Amino acid sequence: MGFRDVRPNGRERFFEEDEIIVSKTDLQGAITYANDVFIRVSGYSEEELIGAPHSLIRHPEMPRCVFQFLWDTIRARREIFAYVVNLARTGEHYWVLAHVTPTLGPTGEILGYHSNRRVPRREAVDQVRPIYAALCAEEAKHERKADQIAASTQLLLATLKGAGVSYDEFVWGLTNGATAGAAC
Ligand SMILES: Cc1cc2nc3c(=O)[nH]c(=O)nc-3n(C[C@H](O)[C@H](O)[C@H](O)COP(=O)(O)O)c2cc1C
């Protein structure tokens, strides 16, 4: 793609509380639709986004296990909410609270995927950041992608267990202002 060379520059960019970043993908995660907010915040043109894998805006500080869990969930025809930090073309990063859903056809077959993203609470981002850092550090101990995902998934599950919550409760606790993630 060529864009893979984008390096994070440590600066954060923001979008408005009343805006929604929208994208749709095909079954493999290639972008099929991008709204104006996504185009503006990501810094890519519509032509660059359409057809590109959604990992185009993947930030290296996002743990692999979160995306694994995301894909496992939506492939099982369920929705998922996740805190995600993305990488804009400028090298800036932006945090979102993403809602990702499968789009189903009349017989229940998955036609594609859809994501809406809103501005997350700052306190939630502050709580998620060290948890994601711990998961990435766990992944960095392993060479193979599969080993990285296995190790960080184990840590994520242990973290949730330590806090006595499910993944959904963890996300909603952060979203509603509960102090979660004490285990990390
Ligand atoms: C509808 C939808 C939206 C997605 N949005 C993002 C996103 O905003 N940022 C991101 O890094 N990955 C997003 N993903 C996940 C990517 O497809 C991919 O799994 C992730 O970037 C990790 O890529 P990698 O496995 O190549 O490292 C999305 C996937 C779907 C199905």
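This text describes the surroundings of the ligand and then a salt bridge elsewhere in the description. The structure is a predicted model, in which local features need pLDDT of at least 70, side-chain atom pairs count only at pLDDT 80 or more, and totals for chains, interfaces and linings use all residues. Residues are numbered from 1 along each chain as its sequence is written, and side-chain values use heavy atoms, with hydrogens and water left out.

The ligand is surrounded by 16 residues, the closest being Arg58, Trp71, Asn86, Arg117 and Lys145; a residue is counted here if one of its heavy atoms lies within 4 Å of the ligand. Helix H3 (64-75) and strand S5 (110-118) each contribute at least two residues to this shell, helices (H or I, at least four residues) and strands (E, at least two) being DSSP runs numbered from the N terminus.

An oxygen atom of the ligand is 2.8 Å from an N or O atom in the side chain of arginine 58, and a polar side-chain atom of tryptophan 71 lies 2.9 Å from a ligand oxygen. The protein covers 87% of the 610 Å² of accessible area that the ligand has on its own, by the Shrake-Rupley method with a 1.4 Å probe.

The whole structure holds eight salt bridges, each a side-chain nitrogen of Lys or Arg within 4 Å of a carboxyl oxygen of Asp or Glu. One of them joins arginine 13 and glutamate 92 (3.5 Å, N to O). Arginine 13 lies in the segment before strand S1 (21-25) and glutamate 92 in the loop between strand S3 (80-87) and strand S4 (93-104), so the pair ties together parts that are 79 residues apart in sequence.

Technical notes
A polar contact is a pair of N or O atoms within 3.5 Å; within protein, one must be able to donate a hydrogen and the other to accept it, and residues adjacent in sequence count only if both atoms are side-chain atoms.
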